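User: I would like to learn how to read the features of a model such as this one, step by step. Could we begin with how its elements are named?

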Amino acid sequence: MCPAHKSMGHPSQETIMKSARIAIPAPEDEPRFVVLAQSAVLKAEPVGPCRRCSPWEDASCNCHRLKKRCTLFNAAMIPAFYIKATLQPLQIHNDSSASLRRTIKAVQQWARRERPPEQGLLLSGPNGVGKSFLMAALARSLTLDRGISCLFVDFGHLLQRLKATFNGQGLEYEVFESLQQPQVLIIDDVGSHRVSTWSRDVFQTIIAARYNACGTTFVTTNLPITSIGTGSFSHFEKWAGPHCTSRLAEMCFWIPVDGTDRRRPPFSRLRPTLPHKA
Ligand SMILES: [Zn+2]
């Protein structure tokens, strides 16, 4: 069974509505939406007729803005596993590491910036500390709360899509082109798959294109970055190469994250607390 489904089961309508309430703690007549897990990714859609403008559908009503933001959210391709990933509310376990707390604060501050900066974040840390969860929560916030286009890409899955084009399933050019469209690109889990020259070339190509287009880019990796600036190459730089690493140093703030693997019990460090049913 897919780990996502194993973890969350098939969410009931009640569970889904709870998730939606987290997203929009709004007055009763504000347009509302639900977040659903569909075909391994998350989808958002408005709920029922608008209480403000239905049945006239006033173009200036917030429900039209909500529809556009749901479209952005759906295009972000956030994995279904992260249906509960939100930046607000986000309760941190008391024994979370100081670096994880700093990272969460940095991501939340980035998402709140009135004008998002061109520099993204590069999060480096061991598996299971919450890097991907935070990036999924960021993608949700940027699309639904801010109306910013975003794409969440698992690097291993991207490599599979590119390999499929070798057998005639789609065009390699179109896959690369799709990574240049969104304002914010999140490349998740770089370095956790089998390291190869080809996978490094793919990563370098993406970073070069984003750099040249001034596209905001976020990266997560389990490859250590901490030897940067000490005169020796880090594991990340050895893999990505000095040219690509130099570009990323300009494109992103680099944040080392440590902590306990939250996938192993107890694993509730980053789980948001859902409101109780009224
Ligand atoms: Zn309306």
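Analyst: Helices (H or I, at least four residues) and strands (E, at least two) are DSSP runs, numbered from the N terminus. Alanine 40, for instance, lies in the loop between β1 (33–38) and β2 (41–46). The model is a predicted one, in which local features need pLDDT of at least 70 and side-chain atom pairs count only at pLDDT 80 or more, while totals for chains, interfaces and linings use all residues. Residues are numbered from 1 along each chain as its sequence is written.

User: How many helices and strands does the chain have, and what share of its residues is buried?

Analyst: The chain has ten helices and seven strands. A residue is called buried if 20 or more other C-beta atoms lie within 10 Å of its own, exposed if 12 or fewer, and partly exposed in between, with C-beta atoms placed from the backbone; of the 278 residues in the chain, 33% are buried. Contacts, for their part, are pairs of residues whose C-beta atoms, again placed from the backbone, lie within 7 Å. Among contacts between residues at least 6 apart in sequence, 75% join residues at least 24 apart.

User: How should I read the sheet, and what is the order of its strands?

Analyst: Strands of a sheet pair through backbone hydrogen bonds, either parallel or antiparallel. Two strands are taken to pair if DSSP finds at least two bridges between them. Here five strands form an open sheet in the order β4-β5-β6-β3-β7, and the pairing is parallel. Because β4 (150–154) and β7 (252–256) stand at the edges with a single partner strand each, one side of each is left without a neighbour in the sheet. From one strand to the next the twist averages 15 degrees.

User: Which residues are bridge partners of β6 residues?

Analyst: On one side, strand β5 (residues 184–190) runs parallel to β6 (residues 216–221) and is joined to it by five bridges; valine 184 has threonine 216 as its bridge partner, and leucine 185 has threonine 217. Strand β3 (residues 120–124) also pairs with β6 in the parallel sense, over three bridges, and here leucine 122 is partnered by valine 219. As for burial, six of the six residues of β6 are buried, and both faces are covered, with Thr216, Phe218 and Thr220 on one side and Thr217, Val219 and Thr221 on the other.

User: How do I describe two packed helices, and at what angle do α4 and α5 pack?

Analyst: Two packed helices are described by the angle between their axes and the distance between the axes. Axes are lines fitted to C-alpha atoms, for helices over the stretch in contact, and angles run from 0 to 180 degrees between N-to-C directions. Helix α4 (residues 98–112) packs on α5 at about 15 degrees, with the axes 10 Å apart. Since angles under 35 degrees count as roughly parallel, over 145 as roughly antiparallel, 65 to 115 as roughly perpendicular and the rest as oblique, α4 and α5 are therefore roughly parallel to each other. The contact is made by Thr103, Ile104, Val107 and Ala111 of α4 with Leu134, Leu138, Ser141 and Leu142 of α5.

User: How do α3 and α5 cross, roughly parallel or roughly antiparallel?

Analyst: The axes of helix α3 (residues 62–75) and helix α5 (residues 131–145) come within 7 Å and cross at roughly 155 degrees, which makes α3 roughly antiparallel to α5. In this contact Arg69, Leu72 and Phe73 of α3 meet Arg140, Thr143 and Leu144 of α5.

User: What surrounds phenylalanine 203, and is this residue buried or exposed?

Analyst: Phenylalanine 203 lies in helix α8 (residues 197–212) and counts as buried because it has 23 C-beta neighbours inside 10 Å. Leaving aside residues up to four places away in sequence, phenylalanine 203 touches Val190, Ala240 and Cys244. Valine 190 is 13 residues from phenylalanine 203 in sequence, and the C-alpha to C-alpha separation is 8.5 Å.

User: What should I make of the phi values of alanine 40 and methionine 77?

Analyst: Most residues other than glycine have a negative phi, and most peptide bonds are trans. Alanine 40, although not a glycine, has a positive phi of about 75 degrees, and with 13 C-beta neighbours inside 10 Å it counts as partly exposed. Methionine 77, in the loop between α3 and α4, likewise has a positive phi, of about 60 degrees, and counts as partly exposed with 19 C-beta neighbours inside 10 Å.

Definitions and conventions: Contact = placed C-beta atoms within 7 Å.
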